[in-house]
Amino acid sequence: MSDDGKYQQDNDEDPATLPNAKAEVAVVEHDTLKYHLLGPSLTKAGQDAVDQQKVSEIIYNASKGSKYFNNEEYKDKNLTQKIEKILARKRQLERIDLTSDLRRAEEYIAELELSRDLSQTVVHVDCDAFYAAVEELDHPELKHVPMAVGKGVLTTCNYHARKYGCRS
């Protein structure tokens with residue numbers, strides 16, 4: 001994509017004039033949209049056996065035509081255009097000689113390393129499955145069946161439910 005927003009290829013052919021180009025562009029755009037609609041929890045623990053492609057298709061087809069879908073489609077298209085511009089700028093910057101800048105950066109990093117304070121400890125606790133575990137303690141009969149916790153919005157689910165694609 002050029003700076004004026006028009007798509008350009010190395011051979012300067014307009015992809016809209018190529019056979020099936022519009023359909024191929026739409027498929028590519030919707031691949032990113034399908035991935036986006038899956039949400040941030042597609043790589044959660046317990047999702048290994050879930051066919052993400054199938055889940056993606058179900059969410060995509062169920063959402064198609066809704067106001068939410070149309071808005072997400074619009075945002076996905078804009079994001080794709082921004083990424084294309086950033087990649088074009090990256091290609092331009094890759095041609096610039098940065099040896100002196102890299103040397104200065106290395107010197108600054110060495111200076112910062114000398115002043116680091118490593119006396120503190122930071123602990124991050126992921127309590128995602130915590131609520132499901134508490135519910136299983138209160139109701140032991142739920143321990144070996146797929147179950148989820150939430151009211152209106154899914155807070156979490158146990159690992160048995162994640163095998164079926166349930167995500168918080």
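Biologist: What should I know about the model before we start?

Modeller: The model is predicted, so local features need pLDDT of at least 70 and side-chain atom pairs count only at pLDDT 80 or more, while totals for chains, interfaces and linings use all residues. Residues are numbered from 1 along each chain as its sequence is written, and side-chain values use heavy atoms, with hydrogens and water left out.

Biologist: Which secondary structure does the protein have?

Modeller: The protein has 6 helices and 2 strands, in the order α-α-α-α-α-β-β-α from the N terminus. Helices (H or I, at least four residues) and strands (E, at least two) are DSSP runs, numbered from the N terminus.

Biologist: How do you know that the span of helix α2 agrees with its number of residues?

Modeller: The expected span of a helix is 1.5 Å times one less than its number of residues. For the 12 residues of α2 (residues 52-63) that gives 16 Å, and the end C-alpha atoms are 16 Å apart, so the two agree.

Biologist: Which residues of α2 are buried, and which are exposed?

Modeller: Buried means under 20% relative accessible area, exposed over 50%, and partly exposed in between (1.4 Å probe, protein chains only). In α2 the buried residues are Q52, V55, S56, Y60 and S63. They cover an arc of only 130° around the axis, so they lie on the same side of α2; the arc is that of the directions from the helix axis to the C-beta atoms. Q53, K54, I58 and A62 are exposed on the other side of α2.

Biologist: What makes D51 a cap of α2?

Modeller: A side-chain oxygen of D51 lies 3.2 Å from the backbone nitrogen of Q53, at the N-terminal end of α2. A polar contact is a pair of N or O atoms within 3.5 Å; within protein, one must be able to donate a hydrogen and the other to accept it, and residues adjacent in sequence count only if both atoms are side-chain atoms. Just after α2, G65 has a positive phi of about 90°.

Biologist: Why is the pair of E57 and K34 called a salt bridge?

Modeller: A salt bridge is a side-chain nitrogen of Lys or Arg within 4 Å of a carboxyl oxygen of Asp or Glu. The side chains of E57 and K34 meet at 2.6 Å, N to O. E57 lies in α2 and K34 in helix α1 (residues 21-38), so the pair ties together parts that are 23 residues apart in sequence. E57 has 26% relative accessibility and counts as partly exposed, whereas K34, at 16%, counts as buried. A search of the whole structure finds 5 salt bridges.

Biologist: What makes strands β1 and β2 a pair?

Modeller: Two strands pair if DSSP finds at least two bridges between them. Strand β1 (residues 148-151) and strand β2 (residues 153-157) have 4 bridges, in the antiparallel sense. K151 stands opposite V153 in β2. The hairpin has 1 residue between the strands, and G152 takes a positive phi near 85° there.

Biologist: Why is N158 called buried?

Modeller: Its relative accessibility is 4%, so N158 counts as buried. N158 is in the loop between β2 and α6. A polar atom of the N158 side chain lies 2.8 Å from the backbone oxygen of V145. Contact means heavy atoms within 4.5 Å. Leaving aside neighbours within four places in sequence, N158 has contacts that include A132, E136 and L142.

Biologist: Is R162 buried or exposed?

Modeller: R162 has a relative accessible area of 3%, so R162 is buried. R162 is found in helix α6 (residues 159-162). Leaving aside neighbours within four places in sequence, R162 is in contact with residues including K44, Q47, D128 and T156.
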